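Work through the exercises below with the sequence and the 3D view open. Try each task before reading its solution.

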Amino acid sequence: MIVALALGTYAFRLVGPALHGRVEIPPRVRELLAAGAVVLLTALLATGALTEAAGPAGWARPAGVLVAGVLAWRRAPFAVVVLGAAAVTAVLRAAGVA
């Protein structure tokens, strides 16, 4: 099963360069794919930030993610975004906020 998944993944990676310039994707489909990517990334962010094991993650982690989002939106350097989120989460956890 793992070999089949690896071959399928490799085949998907080859399709892009192989079909480049031969297939034209309509603009509407490109818009839908971009919107779908944003929705999937938002869902991944929400589940990673708001859940832990089988329950809610508490308040410290979502607060750190919120700080990271604001810093990224303000175009802060990546290191500042990561350190800011980690600092806020650590301070809240040290203060007893779960």
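Helices, of at least four residues, and strands, of at least two, are runs in the DSSP assignment, numbered from the N terminus. The model used here is a predicted one.

**Exercise 1. The order of elements**

Task: State how many helices and strands the chain has, and in which order they run.

Solution.
Step 1. The count gives 4 helices and 2 strands.
Step 2. Read from the N terminus, the order is α-α-β-β-α-α.
Step 3. The chain is more spread out than a compact globule, because its radius of gyration is 19 Å, well over the 13 Å that the globule rule gives for 98 residues.
Step 4. The C-alpha trace spans about 60 × 35 × 25 Å along its principal axes.
Step 5. Of the 98 residues, 10% count as buried. The chain exposes about 8100 Å², and carbon and sulfur atoms supply 75% of this area.

**Exercise 2. The length of a helix**

Task: Work out what span helix H3 should have, and compare it with the distance between its end C-alpha atoms.

Solution.
Step 1. Helix H3 covers residues 60–73, which is 14 residues.
Step 2. The expected span is 1.5 Å times one less than the number of residues.
Step 3. For H3 this gives 20 Å, and the end C-alpha atoms are 20 Å apart, so the two values agree.
Step 4. Now look at the sides of the helix. The buried residues of H3 are Ala-60, Pro-62, Gly-64 and Ala-68. These buried residues pack against H2 and helix H4 (78–94).

**Exercise 3. Two salt bridges**

Task: Find which residue pairs form the 2 salt bridges of the structure, and say how exposed each partner is.

Solution.
Step 1. The test is a side-chain nitrogen of Lys or Arg within 4 Å of a carboxyl oxygen of Asp or Glu.
Step 2. Glu-31 and Arg-28 pass, with their closest N and O atoms 3.6 Å apart. Both residues lie in helix H2, and because they are 3 residues apart there, about one helical turn separates them.
Step 3. Glu-31 is exposed, at a relative accessible area of 51%, and Arg-28 is exposed at 53%.
Step 4. Arg-61 and Glu-52 also pass, with an N to O distance of 3.0 Å.
Step 5. Arg-61 is partly exposed, at 24% relative accessibility, and Glu-52 is partly exposed at 42%.

**Exercise 4. A nonpolar patch**

Task: Name the residues that make the nonpolar surface patch, and the helices that supply them.

Solution.
Step 1. The patch is made by Val-15, Leu-19, Val-23, Ile-25, Val-29 and Leu-33, and has an area of about 480 Å².
Step 2. Helix H1 (2–19) and helix H2 (27–50) each supply at least two residues of the patch.
Step 3. Take one member, Val-29, which sits in helix H2. A patch residue needs over 30% relative accessible area. Val-29 has 37% relative accessibility and counts as partly exposed.

**Exercise 5. Positive phi angles**

Task: Where in the chain are Ala-53 and Arg-75, and are they buried or exposed?

Solution.
Step 1. Ala-53 is a residue other than glycine with a positive phi, near 55°. Its place is the loop between strand E1 (51–52) and strand E2 (55–56).
Step 2. Exposed means over 50% relative accessible area. Ala-53 has 87%, so Ala-53 is exposed.
Step 3. Arg-75, again not a glycine, has a positive phi near 65°. This residue is in the loop between H3 and H4.
Step 4. With 75% relative accessibility, Arg-75 counts as exposed.

**Exercise 6. Sequence distance and spatial distance**

Task: For Leu-5 with Arg-22, and for Gly-96 with Gly-64, state how many residues apart in sequence and how many Å apart in space they are.

Solution.
Step 1. Leu-5 belongs to helix H1 and is exposed, at 56% relative accessible area.
Step 2. Leu-5 and Arg-22 are 17 residues apart in sequence and 26 Å apart in space, C-alpha to C-alpha.
Step 3. Gly-96 is in the segment after H4 and counts as exposed, at 62% relative accessibility.
Step 4. Gly-96 and Gly-64 are 32 residues apart in sequence, and their C-alpha atoms are 15 Å apart.
Step 5. For the whole chain, take the contacts between residues at least 6 apart in sequence: 42% of them join residues at least 24 apart.

How values were computed. Residues numbered from 1 in each chain as written. Predicted model: local features only at pLDDT ≥ 70, side-chain atom pairs only at ≥ 80, totals over all residues. Heavy atoms only, no water. Patch = residues over 30% accessible without salt bridge, like charges linked within 9 Å, V, L, I, M, F, W, Y side chains within 5 Å. Areas by Shrake-Rupley, 256 points an atom, 1.4 Å probe, with all protein chains shown as cover. Buried < 20%, exposed > 50% of the residue type's maximum accessible area, 1.4 Å probe, protein only. Rg over C-alpha atoms; globule rule 2.2 N^0.38 Å. Contact = heavy atoms within 4.5 Å.
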